[in-house]
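Here are some notes for a colleague opening this entry for the first time. They cover a helix, the cores and the cavities.

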Amino acid sequence: MLRRDLLRAGLALGAAAAIPSWIRPASAAPKAKNLLVVFNYGGWDPTYSLDPKSPGGMIDVGKGSIERIGEIPVFTDASRPNVAAFFRAYGSMTCVVNGVQVRSIAHEECIKRMLTGTPSADNPDVAAAAAYELGRELPVPYLVLGSIAMTGAYGAVAGRTGSVNQLRSLVVPNGDYPAPARVGAYASVGATADEEKLVRAYVNASADRQRATRGQRGANQKQLDDFTKSLEREGLLRKFVSENGGFGEFSYTPDLSVQTDIAVKAIERGLSRSIMLGGCLQWDTHNDNTLQEKLHDDLFKNLAKLAKSLEDAKLLDSTTVLVLSEMGRTPKLNVTHGKDHWPVGSAMLFGAGVAGNRVVGATDDKLGALSVDLASGKASHDGKQIQTGNLQAAVLDLVGVDPSKYFPGVEALHAIKA
């Protein structure tokens, strides 16, 4: 056994005493739900699916027609069969939100507003907030599989996939700097499985000794409990990786279908409470808006797979899925037959706690956001335009988090909640 391994273990034991109280475990509320967020970077065109408009009006629309599936009008066409297929299968548990006022047309600004519900990059996105409030005792409370996430002050509860991140360091410690074949008399500088067991036994014995001498009560007891629980969480993480082949390619897994498989397993096996997915589709169609056809078809194919996988794992009744993009696209085509950025967008939710078979909010015949009653979701002259804060406050409330901590004085869009 190498001195380095013992030193690493000793440092970990000492570091436990420095864990700040705000990242220590908290009991999850009984009504807590898992939250999956599917983020579609670039700015989708909701008129291709969620916010259908009749051809021939003031808005340039793609191929298709308006089809009413249950109580949800959807723009469908043979070029994107998976859109209609999703709503036929899962429309009864799906809520569409139209006319979300983003108040910007810049990607980074819109991402902040849509994910956090605020204009500040210092605030956590809705998935990070839910992970911190409902599951920070889990091995990886907030698992980020996509390329975009905003953790704010909650970086300690997030684990990102990618070439350099917390998960790689824990699971593949020699991944970036492989050990040489031989070092002097040693075959490798890494610890063997038997040596790892000895290190773990040493660490546990040290914790027990500290508990017996100075950790029987108060803050010391709490810190030692936190440390021993962290070892359990680390073991769960390693077990998840060994049983499931990791998190896809560590160089980043942009395929939403692969992310879906990992996400469902992570929730099913108690690894995470919130997961951010997305990143494989580029929706910024400035030069050819017909690309939105395949983008929508591929997205809804993967959403159907996600819903079916959650259903098969008996998780659909305890998991909420939020699907969104940072902005919408202009009503009219530009000179290159594309569409540019638009400060009004749409979102969609399905799964646990969602008011299914419902459309909340609306846009007019120029794609302007209409004022709505936030309780019913119906257009109302006496209502308010839906802001990103109204939407994300409602998502937090839906999954079991008191939104007033993150959105003081903001009225939630209660209409999305069953």
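**Notes on the model**

1. Helix H10 has these buried residues: Thr388, Gly389, Asn390, Leu391, Gln392, Ala393, Ala394, Val395, Leu396, Asp397, Leu398 and Val399. Buried means under 20% relative accessible area, exposed over 50%, and partly exposed in between, with a 1.4 Å probe and protein chains only. H10 is thus mostly covered, with twelve of its twelve residues buried. Helices (H or I, at least four residues) and strands (E, at least two) are DSSP runs, numbered from the N terminus.

2. This is a predicted model, in which local features need pLDDT of at least 70, side-chain atom pairs count only at pLDDT 80 or more, and totals for chains, interfaces and linings use all residues. Residues are numbered from 1 along each chain as its sequence is written, and side-chain values use heavy atoms, with hydrogens and water left out.

3. The length of H10 (residues 388-399) agrees with expectation, because twelve residues at 1.5 Å a residue should span 16 Å and the end C-alpha atoms are 17 Å apart. The expected span is 1.5 Å times one less than the number of residues. Just after H10, glycine 400 takes a positive phi of about 110°.

4. Helix H3 is also mostly covered: eight of its ten residues are buried, among them His107, Lys112 and Arg113. Glycine 117 follows H3 and has a positive phi, near 80°.

5. The largest nonpolar core has 53 residues, and Leu35, Val97, Tyr142, Leu413 and Ile416 have the most contacts inside it. Such a core is a set of buried Ala, Val, Leu, Ile, Met, Phe, Trp, Tyr and Cys residues joined through side-chain atoms within 4.5 Å. Elements that each supply at least two residues of this core include H3 (107-116), H4 (126-135) and H10. H4 gives the most, with eight residues.

6. Which residues is isoleucine 416 in contact with, leaving aside its neighbours within four places in sequence? They include Cys95, Val97, Leu349 and, from H10, Ala394, Val395 and Leu398. Contact means heavy atoms within 4.5 Å.

7. The lining of the largest cavity includes Pro46, Asp51, Trp342 and Leu367. Strand S11 (344-351) and strand S9 (328-329) are the elements giving two or more residues to this lining, and S11 gives the most, with three.

How values were computed: 1 Å grid on protein atoms, 1.4 Å probe; cavity = no way out; pocket = protein on both sides within 12 Å on 5 of 7 lines; lining within 4 Å.
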